[in-house]
Amino acid sequence: MTLTASAVPTRVATPFYRAVGDEVAVFRAAAGRGLPVLLKGPTGCGKTRFVETMAHELGRELITVAGHEDMTSADLVGRFLLQGGETVWVDGPLTRAVRQGAIFYLDEVVEARQDTTVVIHPLADHRRELPVDRLGTTLSAAPGFQLVISYNPGYQSVLKSLKESTRQRFVAIELGFPPVDIETDVVAHEAGVDPETARALVMLGNAIRHLEGSPLREVASTRLLILAGGLVAEGLGLRTAVQSAVVQALSDDSDVVRALGELVDAVL
Ligand code: ADP
């Protein structure tokens, strides 16, 4: 099983991030104490961008892993691999972060099985250590190491919800979709569209988010609105862009697509 881990060296340019509440202050305080952080919020609301911004501000490397159900603890910690006839140990992304004092961001943690995520427990409390059983050793996290996990509380089944004993170790930060003015700025900046277009997209996003009895599993995220805005910036008409980037992306059900289309007509 290959794992998609990405090590993002601290970016030279400061990432663009518009704060929505006191998340920056809370994260800074948690980082000051080396406390782990749990980011809650729907997909596409800015969790990853927020972590990138904080890593940049704190001058730390950021190592990101997307949780999935086939992920094993070896994917995180490391394994012995055959290289040129020799068996060599290769650190996993979590071990690298522990050694280097990086921020380790486990995205969508509930997608991972609980027997996988237990490896993060001793890193989440005062011990700040990682047992590497296969090497018969326990590593102490280097200064600067910080664990950040995220999950979307909206659609996970009870079964998959975060284990209470894991959850209680974290400082929780809730990130929702930004208020209209901030989200308009974000969409205008990220998509490269004028503020009026951005605002129209945000109004539509909000209308979809507030649909009563919505059958949608995901709502129109900031990410989707930026996608639609990007198509407009490329010269596509607003409605066509919305149809492709938002409506069709949200549902395959023809009745739902039709209903969303009517909503688009009403809002735009
Ligand atoms: P998540 O990790 O929650 O799924 P992302 O961080 O990938 O979401 O956010 C999706 C996109 O939305 C980002 O790439 C960024 O362009 C934009 N975005 C969302 N919220 C903000 C914000 N508060 N400030 C700046 N950009 C934002």
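Colleague: How many residues surround the ligand, and which are the closest?

Modeller: Count a residue as near a molecule if its C-beta atom, placed from the backbone, lies within 6 Å of it. Here 18 residues surround the ligand. G46, K47, T48, R49 and R223 are the closest. Residues are numbered from 1 along each chain as its sequence is written. This is a predicted model, where local features need pLDDT of at least 70, side-chain atom pairs count only at pLDDT 80 or more, and totals for chains, interfaces and linings use all residues.

Colleague: Which elements give two or more residues to that shell?

Modeller: They are α2 (47-58), α8 (180-191) and α10. Such helices are DSSP runs (H or I, at least four residues), numbered from the N terminus.

Colleague: How do the shell residues divide by class?

Modeller: Ala, Val, Leu, Ile, Met, Phe, Trp, Tyr, Cys and Pro are nonpolar, Asp, Glu, Lys and Arg are charged, and the others, Gly among them, are polar. The shell around the ligand has seven nonpolar, six polar and five charged residues.

Colleague: Where does the ligand lie relative to the domains?

Modeller: Domain bounds come from an automatic or database domain assignment. The protein chain is divided into domain 1 (22-174) and domain 2 (180-267). Both domains give residues to the shell, so the ligand lies between them. The C-alpha centres of domain 1 and domain 2 are 32 Å apart.

Colleague: How many residues of each domain are in contact with the other?

Modeller: Contact means C-beta atoms, placed from the backbone, within 7 Å. Six residues of domain 1 are in contact with seven of domain 2. On the domain 1 side, three are nonpolar, three are polar and none is charged.

Colleague: How do α10 and α11 cross?

Modeller: The axes of α10 (residues 222-233) and α11 (residues 238-250) come within 8 Å and cross at roughly 150°. That makes α10 roughly antiparallel to α11. The crossing of α10 and α11 is right-handed. Residues in the contact include L224, L227 and L231 of α10, and L238, V242 and V246 of α11. By class there are eleven nonpolar, one polar and no charged residues.

Colleague: And which residues make the contact between α11 and α12?

Modeller: R239, V242, V247, Q248 and L250 of α11 meet V257, L260, G261 and V264 of α12. The axes of α11 and α12 (residues 254-267) come within 10 Å and cross at roughly 145°. This crossing of α11 and α12 is right-handed. The contact has six nonpolar, two polar and one charged residue.

Technical notes:
Axes are lines fitted to C-alpha atoms, for helices over the stretch in contact, and angles run from 0 to 180 degrees between N-to-C directions. Angles under 35 degrees count as roughly parallel, over 145 as roughly antiparallel, 65 to 115 as roughly perpendicular and the rest as oblique. A crossing is left-handed if the near helix is turned anticlockwise from the far one by less than a right angle, and right-handed if clockwise. Two residues are in contact if their C-beta atoms, placed from the backbone, lie within 7 Å.
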